[in-house]
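I set out to record what I looked up in this structure, entry by entry.

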Amino acid sequence: MIKKNNDPQAALMAVLTSAQRLDVLHSVVPDMAHPDADFHEIAEIAAGMFEAPVALVTLVDAHDQWFKAAAGTGETQAPSADSFCLHTIAGPNDGALVVEDAAADPRFASQPRVAGAPFLRFYAGVPLIIDEQPVGTICVFDVKPRREIARQLLVQLQRLSLIASALFKLKHEARLRALKEAALSREEQRHAMALDAANVGSWLWDVRSGHVSCNPAMLRMFGMQPAAVVQARDIFAAIHPEDRILTLSKLRSAMVQDEEYDGTFRVASTGRWLLGRGRVHERDARGKPVLFLGINIDVTEEQETTQRTRLLLRELNHRVKNTLAMLQSLARQTLRKTSDPHEFMTAFAGRLQSISEAHGLLSDHEWGEIHLSALLAKQLAPHVRDYGRQIEIHKDEILLGPDQAVGLGLVLHELATNAAKYGSLSVPNGKVVLTARSVDEDGHRVLHMTWTEVGGPPVSEPERRGFGSILIERSLDKVMGSSVKVEYMPAGVTAIVRLPL
């Protein structure tokens, strides 16, 4: 942790030049001077939450403050020493800095961008913490002073900072994995020719006769039985059809150009990946190849690891973008339907928590499938006093994928929120009865779920549809063939969900 100094200016400089802080910053984000589009939506969300003209995701280096993402400005950097964000990272790691009127604050009144264009007045920022070090901020600016900033706005800004910090860390770890795999691949290529004959398939191809002399390891790799004479055509025939043409093309090119052959292909009978290396060993008087010497190495694990890594990176990128887009949409729609800041923060925080709970369950299961019962407990428990008495469930054993879980989680959250405010969960003796059945429809499994409120106040059809009602109907839009129908019966709200599994 950074040690603080009693002299305010000296304390700021100690934080700015802290070797430990700068080591973390430079190691985790070596390309800090380049903006990153993956953080742009975070800045947009922050600007939307505060209705501020400018929002930034920044990294504070010893001399320059870099804008990794910006909303409302095209600038990419500013001096660190006289920045608002230096004061933010010098504060508590879990704190926030709010400057209601910079022109009236002696710390900032003389700064060029306060005293001159663009005449900044309001600032709110929270630190980005990586490995317990404040490396930057997420912050918003306004050219008008403000008073009495809602605490919940700062809480949501802190949550955005956690997302940004986690994204920096994930991108750093992915970069390290890629570098490690590249280094491993280079090391394997350098030492491939020096491996023991028992671990390497070696072969000598007599081009004119078509005979191939090879060791037992080579035959095992191709799934071939020991034979007195092995023909090149038999080995080529053992290569997977999808890889055969390219492999033969590389061999011919190596012979014609007198270059080293290097190719990767699959064996048809086993599906295993082999790395082939070799070159022409002898030519006749006219320069035609006579002997071709080569080796093969089993690289199945390396190929599978590379494919898994690519898949995980694509999935991570997809999930992060989807989550940020969903958060932005929720913020905009909630703001559109709610004029009171307190109501907005309450509604938005609940919806963020709903998404967080679903993501937490999916993360625990490596973004595979989760049980419906776990999702029900996560989304409904916060809204009831006695879960066992107030939530009555009749269900089959049902597993949900990521899109189903996130969408259905939002539906359950909105239904539970409405029930706790106005419906059966707002009175001591009220409850919700849930039935969930897996039904076979033309060979496909479909979830039929019914939400029925019992024992609550009399219900009447609302005069206008709020964003909660719209969200209930649209939360499952990503799942083709799904639907949600809400009926306002006098005895209680009933919702019918159809969700292909």
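**Entry 1: a buried pair.** I began with Trp205 and Phe292, and I found both of them buried. I note that the model is predicted.

**Entry 2: aromatic rings.** I then looked up the total of aromatic pairs, which comes to nine. Trp205 and Phe292 make up a pair of the tilted kind, with 6.2 Å from centre to centre and 50° between the planes. I checked where the two partners lie: Trp205 belongs to strand 7 (residues 201-206) and Phe292 to strand 12 (residues 289-298). The pair thus joins distant parts of the chain, 87 residues apart. I also recorded one aromatic cluster, formed by Phe84, Phe108, Tyr123 and Phe141.

**Entry 3: Arg146.** I located Arg146 in the loop between strand 6 (133-142) and helix 6 (151-191). Is Arg146 buried or exposed? I count Arg146 as buried because its relative accessibility is 17%, and the cut-off for buried is under 20%. I found a polar contact of 2.9 Å between the side chains of Arg146 and Asp142. Setting aside neighbours within four places in sequence, I listed the contacts of Arg146 as Phe50, Glu51, Ala52, Glu100 and Phe122.

**Entry 4: confidence.** I looked up the mean pLDDT of the protein, which is 84, with 81% of the residues at 70 or more. Over residues 191-195 I found pLDDT below 50, and in the model this stretch has six contacts beyond near neighbours in sequence.

Note on methods
Residues are numbered from 1 along each chain as its sequence is written. This is a predicted model: local features need pLDDT of at least 70, side-chain atom pairs count only at pLDDT 80 or more; totals for chains, interfaces and linings use all residues. Side-chain values use heavy atoms; hydrogens and water are left out. Rings of Phe, Tyr and Trp (its six-membered ring) pair if their centres lie within 6.5 Å; planes under 30 degrees apart count as stacked, over 60 as edge-to-face and the rest as tilted. Helices (H or I, at least four residues) and strands (E, at least two) are DSSP runs, numbered from the N terminus. Buried means under 20% relative accessible area, exposed over 50%, partly exposed in between (1.4 Å probe, protein chains only). A polar contact is a pair of N or O atoms within 3.5 Å; within protein, one must be able to donate a hydrogen and the other to accept it, and residues adjacent in sequence count only if both atoms are side-chain atoms. Contact means heavy atoms within 4.5 Å. pLDDT is the predictor's confidence in each residue, from 0 to 100.
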